[in-house]
Amino acid sequence: MGKKQIELIVTDGKVLVAEQTSSQPSNLQKNGTNKLGKFLSNNSTAVSKGEKLDLSFKGKIAKHVEKVDPIDVAASLSWRKGSLIFRGESLADAMAEISRYTNIDFELSDDERLTRVQVAGMFKTGDVKGLLEVLNNNFNISYERISPDKIRLNYADPSASI
């Protein structure tokens, strides 16, 4: 993701999301509840099954509620089963997502061709070696290990291999 946001995907039921406020919302009674006896703010948004909402880390609602295709839900939540599914994400976005599930940071070399690479497929969350082989074999991308926890990806010469 890399956007300093939290993506909330609702897979069942309904979730009410309220923006953080420093003051008590005006629709609350003295005991902190509204007339229905529920803790609601004026800026609350309902998110139902099959919908998503982006939130900033500061508790602000970053976008409106969006419908999510069931296939997109499965792809977004594939990490729970030990896999990551990509369906045409940019190489930079895919590598940022993979970094979240490993102790390795990936950086792309300053080569414009890398910005045009789109990644599709399923990868095991901890299989960095397998991922690097796929990138080399399918996308002609080589790598160099800069430190134990950092790998730089390069567009390889056609004759190069891992």
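Q: Leaving aside its neighbours within four places in sequence, which residues is Met95 in contact with?

A: Contact means heavy atoms within 4.5 Å. Beyond its neighbours within four places in sequence, Met95 is in contact with Phe106, Leu108, Leu131, Leu135 and Leu153. Please keep in mind that this is a predicted model, in which local features need pLDDT of at least 70 and side-chain atom pairs count only at pLDDT 80 or more, while totals for chains, interfaces and linings use all residues. Residues are numbered from 1 along each chain as its sequence is written, and side-chain values use heavy atoms, with hydrogens and water left out.

Q: What pattern does the protein chain follow along the sequence?

A: Helices (H or I, at least four residues) and strands (E, at least two) are DSSP runs numbered from the N terminus. The protein chain has four helices and ten strands, and they run in the order β-β-β-β-β-α-β-α-β-α-β-α-β-β. Among contacts with a separation of 6 or more, 55% join residues 24 or more positions apart.

Q: Which members of the largest nonpolar core touch the most other members?

A: In soluble globular proteins, nonpolar side chains tend to be buried together. A nonpolar core is a set of buried Ala, Val, Leu, Ile, Met, Phe, Trp, Tyr and Cys residues joined through side-chain atoms within 4.5 Å; buried means under 20% relative accessible area, exposed over 50%, partly exposed in between (1.4 Å probe, protein chains only). Here the largest core has 19 residues, and Leu91, Met95, Phe106 and Leu153 touch the most other members. Strand S6 (83–90), helix H2 (91–99), S8, H4 and strand S10 (150–155) each give two or more residues to this core. Another core lies apart from it, with five residues including Val10, Val17, Val47 and Leu53. Across the chain of 162 residues, 33% count as buried.

Q: Is Val47 buried or exposed?

A: Val47 counts as buried, at 0% relative accessibility. This residue lies in strand S3 (residues 44–48). Beyond four places in sequence, Val47 is in contact with residues including Leu8, Val10, Val17, Leu53 and Val65. Thr45 lies in strand S3 too, but Thr45 counts as partly exposed because its relative accessibility is 21%. Thr45 touches Val15, Leu16, Val17, Ile61 and Val65, again not counting residues up to four places away in sequence.

Q: How many aromatic pairs does a search of the whole structure find?

A: A pair of aromatic rings is described by the distance of the centres and the angle of the planes. Rings of Phe, Tyr and Trp (its six-membered ring) pair if their centres lie within 6.5 Å; planes under 30 degrees apart count as stacked, over 60 as edge-to-face and the rest as tilted. The search finds one pair. Its rings belong to Phe86 and Phe123, with centres 5.9 Å apart and planes at 50 degrees, so the pair is tilted. Phe86 in strand S6 and Phe123 in strand S8 are 37 residues apart, so the pair links distant parts of the chain. Phe86 is buried at 5% relative accessible area, and Phe123 is buried at 9%.

Q: Which elements give two or more residues to the lining of the largest cavity?

A: The lining of the largest cavity consists of Leu84, Ile98, Phe123, Lys124, Thr125, Asp127, Val128 and Leu131. Strand S8 (118–124) and helix H4 (128–139) are the elements that give two or more of these residues.

Terms used: 1 Å grid on protein atoms, 1.4 Å probe; cavity = no way out; pocket = protein on both sides within 12 Å on 5 of 7 lines; lining within 4 Å.
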